Amino acid sequence: MKTIIEPFRIKSVEPIEMTTRHQRERYIHAAHYNLFSLESQHVLIDLLTDSGTSSMSARQWGAIMTGDESYAGSPSFFRFESAVRKLMPFKNIIPTHQGRAAEKILFSVVAGKGKYIPNNTHFDTTRANIEFTGAQAVDLVVSEGLNPASEHPFKGNMDVQRLIDFINEIGEDNIPICMLTLTNNSGGGQPVSMDNIREVKSVCEHYGIPLFIDACRFAENAYFIKIREKGFQNRDIPSIVREIFSYADGVTMSAKKDGLVNIGGWLAMNNDLWASQARTLLILTEGFPTYGGLAGRDLEAIAVGLEEIVQEDYLRYRIASTQYLGDHLFEAGVPTVRPAGGHAIYIDARAMLPHIPPMQYPGQSLAVELYLHGGIRGCEIGTVMFGRQADGTELPSRMDLVRLAIPRRVYTQSHIDYVIEAIIEVNEHKHNLQGMKITWEPPSLRHFTSHFEYCL
Ligand code: F0G
């Protein structure tokens, strides 16, 4: 059969409140044209993020009722630990309330002034947590990863030669760990190949640098390896996942993505000394090491989520549905980052709206218009997010994108058909879109709360 159907039935539904363009004009005006400031019931299709927005299965909801809420030594922790260890066999598994909490603790232990941490591309919270310790975050993705039009199958790969040159220049003693982000969210949700993971590991091993994986979307990455990399077609997903982590010394994980839950994460590693320092910090800010910022029921939901996320029928549907959105937009001439990523499609707003200069935020203008026209909420990833420099000046970011991130198991094909239709219509009247200006912004992380108006 050609059609890949959603491999689930829907037993519990959440109504979507229908709105008109006229109503949405009022809502977005009241939100100062910032999509983060909208009330979510005024959004028809919410593609702001795939993080924490998954639908849980009946089995997960069932497991929630069995959560044991003991302060210490809860059986829910041991079920969580064993489910994580089946896929990521590290000695120490430390639960946290989400990914950035794991990052904060890891970098408090290993980073600090004078240190450098390379990655394919650091996600913003990872970079911010590294920089907060005084260390520097360095992105060394392959050049194809910076070219939106390149159809390279593994655009998330690390540029291994640049990594070697970087280590030689900085000195391995100043690099406490090296990282790889799977999939590369900030680079378009693009995967990293097994070959690249192996090569990065062998370079790290040569210099005695531990390799940590930001594992948020590990299952999507494993599926891309299965379908795109030679030699993996007949391997099952759990075995590909285990091979990936066999090359790593630790992970940071946000279970809000490929943990299929609404909250949770963990830090895992083989180094006992670092782990014991991490657990001490964990107690200060998250909680006792057998719950770490989560309820017992959350740990149960993750344990089941990890079984469901590596099911091939699920991943086939997941990757096909993202690709369906990407390919239809591409065929209609909407410029997007190619090929389709695992969790999101990124529209190239700068290419789509050449009449709006980067300093008038084409990504913001497009994101606002997608909301006005179709009630769709995406996220600007461009000059609004990255343009403000540390010295207070403002520069255009490398690209102006709008990310449409697809929550897991939430929307059906007709929702996605609606999104495609709306974007194609916006593309037809794109010449009418206007640039925007910021009328108020906070001292940092301005994309979350800035106020905007149209340039006249
Ligand atoms: N690493 C990556 C690659 C991420 O995409 C995220 C979150 C994190 C770490 C942090 O995890 O949110 O649980 O603290 N990404 C979300 C997004 C917010 O929308 O892409 P967290």
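Me: Domain bounds here come from an automatic or database domain assignment; which residues does that assignment give to domain 1 and to domain 2?
Reply: The structure is a predicted model, and its protein chain is divided by the assignment into two domains. Domain 2 covers residues 58-308, while domain 1 is made of two segments, 21-50 and 311-454. The answer is therefore domain 1 (21-50 + 311-454) and domain 2 (58-308).

Me: How many residues does each domain bring to the contact, and what area is buried there?
Reply: Taken over C-alpha atoms, the centres of domain 1 and domain 2 are separated by 27 Å. The contact takes 25 residues from domain 1 and 28 residues from domain 2. The size of an interface is often given as the accessible area lost when the parts come together. Of the area buried between domain 1 and domain 2, 51% is on carbon and sulfur atoms, and the area itself is about 2,300 Å².

Me: How many salt bridges cross the interface of domain 1 and domain 2?
Reply: Side chains of opposite charge can pair when their charged atoms come close. A salt bridge requires a side-chain nitrogen of Lys or Arg within 4 Å of a carboxyl oxygen of Asp or Glu, and glutamate 220 and arginine 318 form one, with their closest N and O atoms 2.8 Å apart. Across the interface of domain 1 and domain 2, the number found is seven.

Me: Which element supplies the largest share of the side of domain 1 that touches domain 2?
Reply: Between domain 1 and domain 2 there are 16 residue pairs in polar contact. On the side of domain 1 that touches domain 2, α12 (312-331) and β9 (344-348) each supply at least two residues. The residues of that side divide into ten nonpolar, five polar and ten charged, and the largest share, seven residues, comes from α12.

Me: Which residue has a side-chain N or O atom 2.7 Å from a nitrogen atom of the ligand?
Reply: There are 17 residues around the ligand, and those that come nearest are Arg100, Asp214, Ser254, Lys257 and Arg403. An oxygen atom of the ligand lies 2.8 Å from a polar side-chain atom of asparagine 185, and an oxygen atom of the ligand is 2.9 Å from a side-chain N or O atom of arginine 217. The residue whose side chain places an N or O atom 2.7 Å from a nitrogen atom of the ligand is aspartate 214.

Me: In which helix do glutamate 25 and arginine 21 both lie?
Reply: The side chains of glutamate 25 and arginine 21 meet in a salt bridge, at 3.3 Å from N to O. Glutamate 25 and arginine 21 are four residues apart, about one turn of the helix, and that helix is α1 (residues 21-30).

Definitions and conventions
Residues are numbered from 1 along each chain as its sequence is written. This is a predicted model: local features need pLDDT of at least 70, side-chain atom pairs count only at pLDDT 80 or more; totals for chains, interfaces and linings use all residues. Side-chain values use heavy atoms; hydrogens and water are left out. Contact means heavy atoms within 4.5 Å. Buried area is the accessible area (1.4 Å probe) that two parts lose on being put together, summed over both. A polar contact is a pair of N or O atoms within 3.5 Å; within protein, one must be able to donate a hydrogen and the other to accept it, and residues adjacent in sequence count only if both atoms are side-chain atoms. Ala, Val, Leu, Ile, Met, Phe, Trp, Tyr, Cys and Pro count as nonpolar, Asp, Glu, Lys and Arg as charged, and the others, Gly among them, as polar. A residue is near a molecule or strand if one of its heavy atoms lies within 4 Å of it.
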